[in-house]
Amino acid sequence: MNRTFGALALLFLLGVLLVVASPSTGIKFGLGGDEWMKYRYTDQYYIEHGVEEVGGTNIVTNIVFDYRGYDTLGEATVLFTAIAGAVALLRPWRRDEDEE
Amino acid sequence: MNVLPYLIIVPLFGAFALPMVGLAGKKARELWAVLITAITLGVAAELFYTVWKGGEIIVYTLGAESPLGQGVPFPIRIVWEVDLLAALFILMVAFVAFVAVLYSTEYMSHDTGLEKYYALILLLEVGMLGIAMTGDLFNFYVFMEIMSIAGYALVAFRNDTWEGIEAGIKYMFVGSIASSFILLGIVLLYGQYGTLTMAYLAKMIAENPTFTAKVALGLLIGGLLFKSGAVPVHMWLADAHPAAPSSISAMLSGLVIKIGGTYALARMAFSVFSTGIDTKTVGWIIILFACVTLIVGNAMAVIQTDMKRLFAFSSVGQIGYILLGTGIGLAAYGSDVGNIALAGAIYHTVNHAVIKALLFLVAGAVIHQLGTKNLNELSGIARKMPVTSFAFLIGAAAIIGLPPMNGFASKWLIYESSALFNPLVAVIAVIGTAFSLAAYIRVLFTFLGRPSERVMDAREPGKAMLVPMLLLVAVIIVMGLFPWFISDRIMIPAAKMLENAGAYITAVLGGA
């Protein structure tokens, strides 16, 4: 019964997301012209000002290391956390160490 | 001087430096962790004082003077936005983290791999501080991931116990799904509105509320209810808290489910969405979950025989009160009732963080000294461990909401506002408290009963475990002595600031 309910909920969610992903009711794809300026104004700003403000010619690195560098620091921290967590959980058990 | 950046710099540096400091020996890394959390607490106190005195929202842009780009009216950089609510929760996080780290120095002395433990606990703190201070939607997600991943690893930290690993796996699977819901919500919002800054997004949603925004809100609420342990999705919490080391349970129950759950929910609902959506509907949805959470969480607490599991279910029940306050705050948006309910929810968040941290530290002391958390074996601890039992008594009285303790005022605000809002909801809240009372009275009688054989050779834990507990007891009693002062001076202004989404938007956009 739980499984049926879960499947129905997933189906409902899928339906809603399909509505959202259809251009007439939700998000538009392949933006161009006026719509580009309406929905992607921040991207346009990065493209126009990235080279003079940051100095790099690669826009993606301009964004991830300058405009949104703090997020990159956060991602590095996520990696550090994941490694620390994995190493911590894969350490030998306490009992084994006592026997040595 | 603006102290805001040091709130992230200090604990992050502490965490990254720990593998190297750890080389200097066992004492050095404990001292390092305590020192780092103490400095963070100092910075947090300074920040809270500044925001509270100044009474305005602090905005900090990373990398430039102004969040806005040259000649354009929209923000292009990541901003931090700290209002009174965020500052209050930052102080709460820094305090409980400091207490938990101090407690760990003795409590974790039998465990191995401690340099990773302290690194992870500092990262957990970084994640929570980042969530509280950020004003950027994707940045919020990044810090929620830091907090969650550190949380998964710490729950399963005792890798030689089967329950630790089981709870860790369960928490990780469920938590990852919840995180991806939140990410999906953020993706939809970006696709529709083209910005990630919360304040500008709020403005865009207000101008053009679309179906996409509603779906995104639904996904965000779903994910955040997962993280806060509301009832249909509370099962990870009931396993994670008993299995984690007690210092971690204290942080999980006191902080993680609130910062990553109810705080983020309130921030999204009030600051980002309240201008564009029907707050009444969203409020009622949250109230519905809150009522179920109240009843189920507290009722399940009554029948537990495992002490930490009991506290875990009680945490679920208390989350119900916080959600109830938030929900009424949304449903009665802008009225006095809504304001008081929201103030009650904020107050209860802080109170419950302190109380539940104390209760889990008490449970940790009992486990550390006796090696069992089964309530049936623990009768008569009060004779052998009087200080610990006294701390439990204070914590239990506070969580039920007896008048001299801090829990009274916050619950009173929630009862009062829910009774004014809808009497039926108030009745449910009172039933929840009745269950909670039954659960804690039962534990109390166990503590005060005739000493069982197992308890006969128990002793009090050492200073490093008693001092954190007594620190929390002192906070509970002091906060309990000035309940209305605190609620008038801090909680109601914080609630007002949260409700005022316009001020949140203009703080970043500079009146634009």
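1. Four helices each supply at least two residues of the lining of the largest pocket: H1 (2–20) of chain A, and H6 (162–193), H8 (211–228) and H11 (279–302) of chain B. Helices here are DSSP runs (H or I, at least four residues), numbered from the N terminus. The model is predicted: local features need pLDDT of at least 70, side-chain atom pairs count only at pLDDT 80 or more, and totals for chains, interfaces and linings use all residues. Residues are numbered from 1 along each chain as its sequence is written, chains are lettered from A in the order in which they are written, and side-chain values use heavy atoms, without hydrogens and water.

2. The lining comprises 29 residues, with A:Ala9, A:Leu13, B:Phe181, B:Gly222 and B:Phe226 nearest the pocket centre. A pocket is an open set of points on a 1 Å grid over the protein atoms alone where a 1.4 Å probe fits, with protein on both sides within 12 Å along at least five of seven lines; lining residues have an atom within 4 Å of a point. H8(B) gives the most to this lining, 11 residues.

3. Turning to the interface, 53 residues of chain B are in contact (heavy atoms within 4.5 Å) with 43 residues of chain A.

4. The rule finds 2 salt bridges across the interface of chain B and chain A, a salt bridge being a side-chain nitrogen of Lys or Arg within 4 Å of a carboxyl oxygen of Asp or Glu. A:Arg68 forms a salt bridge with B:Asp136, and their closest N and O atoms are 2.6 Å apart. H5(B) gives the most to the side of chain B that touches chain A, with 9 residues.
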